[in-house]
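Here is a briefing on charge pairs, surface and confidence. Please look at the sequence and the structure first.

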Amino acid sequence: MRRLLQSDRFPMPLSAKVPEITALFWVIKILTTGMGEAASDYLGTANLILGGVVGVGGFGYAMYRQLRAPRYHAPTYWFAVSMVAVFGTIVADVLHVVTTLSYYVTSTFYALVVAGLFFAWHRSEGTLSIHSITTQRRERFYWCTVLATFALGTAAGDLVGLTMHWGFLPAGVLFLSVILLPLIAWRLGLNAVAAFWTAYVLTRPLGASFADWIGKPHHFGSGLGFGDGRITLLTLAAIVVLVAYAHRTGADRQRSELAPVAHAMAGHAEALDGTAA
């Protein structure tokens, strides 16, 4: 019975596997979007094989580490988000380049994927709240959705900045303005879960647009030409410092450290095993 409820490779979570939503969360999240955009572009131009190894291999390793963790661990979680940021950018760019589909089409495609994941997740679990990520299935829904939002944000950012000829800075300002709408709507009574996921999706094109504006040359989206490699290192350094602070202080840990689902199921399994014995 216990094997059905818990596996040695991917144990049942002992508490929520995601951080509390604070200002620190949003700052780190936006930094990961900029880092992922810059790192993916830099690796793609420097060495495609290295880019594939880091993007695909790093993503697989990060997901393995995250799914094995029994509870939220800031370095593990944010390493996973960072690798999703890189891999999500690669996925969005490859679809655009290989198929030659316009960003209008790819943005629409990823929007439908995100909507489909939300529908399936809610139908299966009855909630999309990040405070409910206390089972293996919910965690898998969560990471599939996160990956899809990164791909959507990458395509949407390039759509506005390049296809629509806005340039990266105006695109960044646009997304910065739009991301305030969920906050205002939440203050006016919008469901907190809906407000969170709307803002979460928008962080990707926001961070990526500003990273592209600073890193790309002027002839490409009116960038400043600072360099993708430098942007990657700077944002990565900032992420490391902030994640280290979060880990040391516990500032982003959800206050409910109980394991209402997994703990109860494990206890029930032990009781059944004892009875069977």
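This is a predicted model: local features need pLDDT of at least 70, side-chain atom pairs count only at pLDDT 80 or more; totals for chains, interfaces and linings use all residues.

Asp-41, Asp-212, Lys-216 and Asp-228 are linked in a network of salt bridges. A salt bridge here is a side-chain nitrogen of Lys or Arg within 4 Å of a carboxyl oxygen of Asp or Glu. Numbering runs from 1 along each chain as its sequence is written, and side-chain values use heavy atoms, without hydrogens and water.

**Salt bridges**
- The count comes to seven salt bridges.
- Lys-216 pairs with Asp-228, with the closest N and O atoms 3.0 Å apart.
- Lys-216 is in the loop between α9 (192-215) and α10, and Asp-228 is in helix α10, twelve residues apart.
- Both are buried (under 20% relative accessible area; exposed is over 50%, partly exposed in between; 1.4 Å probe, protein chains only).
- Glu-139 bridges to Lys-17, at 2.9 Å between the closest N and O atoms.
- Glu-139 is in helix α6 (residues 136-163) and Lys-17 in the loop between α1 and α2 (23-46), so the pair ties together parts 122 residues apart in sequence.
- Glu-125 and Arg-137 meet at 2.7 Å, N to O.
- Glu-125 counts as buried at 14% relative accessibility, whereas Arg-137 is exposed at 52%.

**Confidence**
- Mean pLDDT is 86, and 87% of residues reach 70 or more.
- Confidence is lowest in helix α1 (residues 2-5), at a mean of 38, and highest in helix α10 (residues 228-249), at 96.

Notes. pLDDT is the predictor's confidence in each residue, from 0 to 100. Helices (H or I, at least four residues) and strands (E, at least two) are DSSP runs, numbered from the N terminus.
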